[in-house]
Amino acid sequence: MFGFVMADVEELEPQEKKRYQQVYCGICRSIRERASGTARLALQYDMTFLALLLMSLYEPEEASGKPACGFHPLSPRPYLSNPCIDYAADMNVLLAYYKALDDWQDDKSLKGRAGALLFRKPAEKIAARYPRQSQAVQACLQKLSDLEKAACPEPDGPAGAFGELMGELMVYREDLWANALRQLGQALGRFIYLADAAVDYRSDRRHHRYNPFLAMGTGEDWSRWEEYLVLTMGRCAQYYESLPLVQDKKLLDNILYSGVWIAYRGKQKEENKER
């Protein structure tokens, strides 16, 4: 369901590309140190947006380095390190664990079982550090599962459940910015869920899987679906612009106003090829 909140790399300046990659590599390195090397297999670029957003808002002191890594042993990989990057790494692992556990419990997926076993111990430690986020992920995934099993005919229900999940992950601290971050995350989560439903429509129809747009029974209607996406992203932008962001603002703008649509169009094109 992830893979939508990415940069439009072609539109980034060289220094912006470098910083984007450094934050991504920092999250990867943090997952290795705080969870395990194999846990990095679940790394998502979406978490780079979360780290950059929190870094821009809280401006923590940054450390850097450029060692080689297991995935790129022949060349140095510059990275950044700070508490916001560590937080994004922890949320990545937490999501990976509960999603794998949910897949195993619901579908008896062997991949889900393997993922749940792989991420269980580090996820338990993360849950102890961040009980609010952990409880929210569990509750929202359960709510989402129940709605999908009931073949909920209204996209708003499951999209809202995933939005709640993302809203809680966005809130790093319960402070002055918590409400705007929570609202931003809820809208972004809704966008991710609906975008994923749109691009998976034909595949889900072929394989008889739940899809909210299929459950509506109105047929394939890209223009209507994109109206949902535009409205949802407009709400996301409203709360995003209310935050006092200066550092990396241009890079964040690229992701939120261009990158999400580039990723959406790319996935849409991939799905059409498989038709």
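This is a predicted model: local features need pLDDT of at least 70, side-chain atom pairs count only at pLDDT 80 or more; totals for chains, interfaces and linings use all residues.
Axes here are lines fitted to C-alpha atoms, for helices over the stretch in contact, and angles run from 0 to 180 degrees between N-to-C directions. Helices are DSSP runs of H or I with at least four residues, numbered from the N terminus.

Residues are numbered from 1 along each chain as its sequence is written, and side-chain values use heavy atoms, with hydrogens and water left out.

Contact means heavy atoms within 4.5 Å. On the H5 side, the residues include Val137, Leu141 and Leu144, which meet H6 residues including Ala161, Phe162 and Leu165. By class, this contact has 11 nonpolar, 2 polar and 4 charged residues. Ala, Val, Leu, Ile, Met, Phe, Trp, Tyr, Cys and Pro count as nonpolar, Asp, Glu, Lys and Arg as charged, and the others, Gly among them, as polar.

A second pair is helix H1 (residues 14-34) with helix H2 (residues 46-58), packed at an angle of about 105° with axes 9 Å apart. H1 is therefore roughly perpendicular to H2. Arg19, Tyr20, Val23, Tyr24 and Ile27 of H1 make the contact with Met47, Thr48, Ala51, Leu52 and Met55 of H2. The classes are 8 nonpolar, 1 polar and 1 charged.

H2 also takes part in the lining of the largest cavity, giving the most, with 4 residues. A cavity is a set of points on a 1 Å grid, over the protein atoms alone, where a 1.4 Å probe fits but cannot get out; lining residues have an atom within 4 Å of a point. The search finds 1 cavity of 30 Å³ or more, and about 70 Å³ of space lies in the largest, a volume being the space filled by probe spheres set on the points, which are joined across faces, edges and corners. Its lining divides into 9 nonpolar, no polar and 1 charged.

Finally, the count comes to 20 salt bridges, each a side-chain nitrogen of Lys or Arg within 4 Å of a carboxyl oxygen of Asp or Glu. One joins glutamate 124 and arginine 120 (3.3 Å, N to O).

Terms used. Helices (H or I, at least four residues) and strands (E, at least two) are DSSP runs, numbered from the N terminus. Angles under 35 degrees count as roughly parallel, over 145 as roughly antiparallel, 65 to 115 as roughly perpendicular and the rest as oblique. On a 1 Å grid over the protein atoms alone, a cavity is a set of points where a 1.4 Å probe fits but cannot get out, and a pocket is an open set with protein on both sides within 12 Å along at least five of seven lines; lining residues have an atom within 4 Å of a point.
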